[in-house]
Amino acid sequence: MAELDGLGQFRPVLVQEGASIMGTMLQKYGRHGNPKYHYFRVAADDNELQWDSKNGRTRRVALSAMTRFQRGQDTDVFRRYPQPTKAFLSFSIIYLDA
């Protein structure tokens, strides 16, 4: 698990994982419902991670609210929908709820 101290340390992790400013399609495992594919990107001002929800709204989490980046499928959300063949591609972003 990588502890994150703000944007300076978090942004390189996002770029490494593919969710850069250009964005990428990722499968999101939410707290409720089934996993869904969403388009993720870092906001142009480098302050938020944004994704488009199923209903077309843009969802966002401030990078300053993100506390941990965890590789693999070792969170409660992933335990509901385990996909061992995709474990090496999986990660969780833990953040403070507003």
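Modeller: Happy to! The side chains of Asp-76 and Arg-79 meet in a salt bridge, with N to O at 2.7 Å; the term stands for a side-chain nitrogen of Lys or Arg within 4 Å of a carboxyl oxygen of Asp or Glu. Both residues belong to helix α2, three residues apart, about one turn of the helix. Helices (H or I, at least four residues) and strands (E, at least two) are DSSP runs, numbered from the N terminus. Asp-76 is exposed at 60% relative accessible area, on a scale where buried is under 20%, exposed over 50% and partly exposed in between (1.4 Å probe, protein chains only).

Keep in mind that this is a predicted model, where local features need pLDDT of at least 70, side-chain atom pairs count only at pLDDT 80 or more, and totals for chains, interfaces and linings use all residues. Residues are numbered from 1 along each chain as its sequence is written, and side-chain values use heavy atoms, without hydrogens and water.

By the salt-bridge rule, the count comes to three. Another of them joins Arg-41 and Asp-52, at 3.0 Å from N to O. Arg-41 is in strand β3 and Asp-52 in strand β4, so this pair ties together parts eleven residues apart in sequence. Arg-41 is buried at 16%, while Asp-52 is partly exposed at 28%.

Arg-60 also pairs with Glu-48, their closest N and O atoms being 3.1 Å apart. Here strand β5 holds Arg-60 and strand β4 holds Glu-48, so parts twelve residues apart in sequence are tied together. Arg-60 is partly exposed at 45%, and Glu-48 is partly exposed at 22%.
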